[in-house]
Amino acid sequence: STGRPKGSPMPTLLISDTSVLLDLHRGGVLGPLFKLSFEFGVPDVLFERELVHWDGPALEPLGLKVLVLDPNGVALAQAYRSLEPKLSLPDSFALALAKAGGHILLAGDASLRQLAKAERVECHGVLCVFDALEEEGVLSPSQLLAGLTQLTSHQRCRLPASESQRRLERYRRASRSRPE
């Protein structure tokens, strides 16, 4: 059950690459992700290769869907690998899942994002997730500030600095005007 009343539209399914999940984990906002009005999925290949020994099994009860590509989808993923050799196998499966199912892709990898654009697959990144957490009121401004500050201070953070800074300032202002 999605927790939605009968007759409500089904939530949009977002297919994630590993980097987005890692970044949200680094920012301490991975759990709240599953309180959004979206559903989240990953390809089974990504889950088995990259998440099963990490937090993957703990994410399934929260709502993470582990999805399997049909043979046509596998062929599409293989075609993506041929087109863009920099893509990992899990990333090519994530793009194929999003393309085949008409879903939105969440990706941090630049090569994956470029190929998604060329394939006309709607693609967003970590900052879009922070925007959704803010818009839906899942996290308070001070929680968003703490999470994005933690993430942007991580040595592996590759978020656009200007976009990140803009959000940090907005969260700071909102935190001051609405203390918890």
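Mentor: In this predicted model, α1 and α8 pack at an angle of about 50°, and their axes lie 10 Å apart.

Trainee: Which residues of α1 and α8 meet?

Mentor: From α1 they are V20, D23 and L24, which meet V126, V129 and F130 of α8. By class, this contact of α1 with α8 has 5 nonpolar residues, 1 charged residue and no polar ones.

Trainee: What makes α3 roughly antiparallel to α6?

Mentor: Helix α3, residues 44–51, packs against α6 at an angle of about 150°, with the axes 8 Å apart. The cut-off for roughly antiparallel is over 145 degrees, so α3 is roughly antiparallel to α6. The crossing of these two helices, α3 and α6, is left-handed. V45, L46, R49 and E50 of α3 make the contact with L89, P90 and F93 of α6. Sorted by class, the contact of α3 with α6 has 5 nonpolar and 2 charged residues, with no polar ones.

Trainee: Helix α5 (residues 71–83) also packs with helix α6 (residues 89–101). Why is α5 called oblique to α6?

Mentor: The angle between α5 and α6 is about 125°, and their axes are 8 Å apart. Roughly perpendicular covers 65 to 115 degrees, and roughly antiparallel requires over 145. The value for this pair falls between those ranges, which makes α5 oblique to α6.

Trainee: How is the crossing of α5 and α6 described, and which residues make the contact?

Mentor: The crossing in which α5 passes α6 is right-handed. On the α5 side the contact is made by G73, V74, L76, A77, Y80 and R81, and on the α6 side by L89, S92, F93, L95, A96 and K99. Those residues divide into 8 nonpolar, 2 polar and 2 charged.

Trainee: Turning to the largest pocket, how much space does it hold, and what makes a residue part of its lining?

Mentor: About 510 Å³ of space lies in the largest pocket. A residue counts as lining if it has an atom within 4 Å of a point of the pocket. Of the 19 residues that line the largest pocket, D23, G108, D109, R158 and L159 are the closest to its centre. Two or more lining residues come from each of α1 (18–26), α8 (126–135) and α10 (161–177).

Trainee: Which element gives the largest share of that lining, and how do its residues divide by class?

Mentor: The largest share, 4 residues, comes from α1. By class, the lining of the largest pocket has 7 nonpolar, 4 polar and 8 charged residues.

Technical notes
Residues are numbered from 1 along each chain as its sequence is written. This is a predicted model: local features need pLDDT of at least 70, side-chain atom pairs count only at pLDDT 80 or more; totals for chains, interfaces and linings use all residues. Side-chain values use heavy atoms; hydrogens and water are left out. On a 1 Å grid over the protein atoms alone, a cavity is a set of points where a 1.4 Å probe fits but cannot get out, and a pocket is an open set with protein on both sides within 12 Å along at least five of seven lines; lining residues have an atom within 4 Å of a point. Grid points are joined across faces, edges and corners, and a volume is the space filled by probe spheres set on the points. Ala, Val, Leu, Ile, Met, Phe, Trp, Tyr, Cys and Pro count as nonpolar, Asp, Glu, Lys and Arg as charged, and the others, Gly among them, as polar. Axes are lines fitted to C-alpha atoms, for helices over the stretch in contact, and angles run from 0 to 180 degrees between N-to-C directions. Angles under 35 degrees count as roughly parallel, over 145 as roughly antiparallel, 65 to 115 as roughly perpendicular and the rest as oblique. A crossing is left-handed if the near helix is turned anticlockwise from the far one by less than a right angle, and right-handed if clockwise. Contact means heavy atoms within 4.5 Å.
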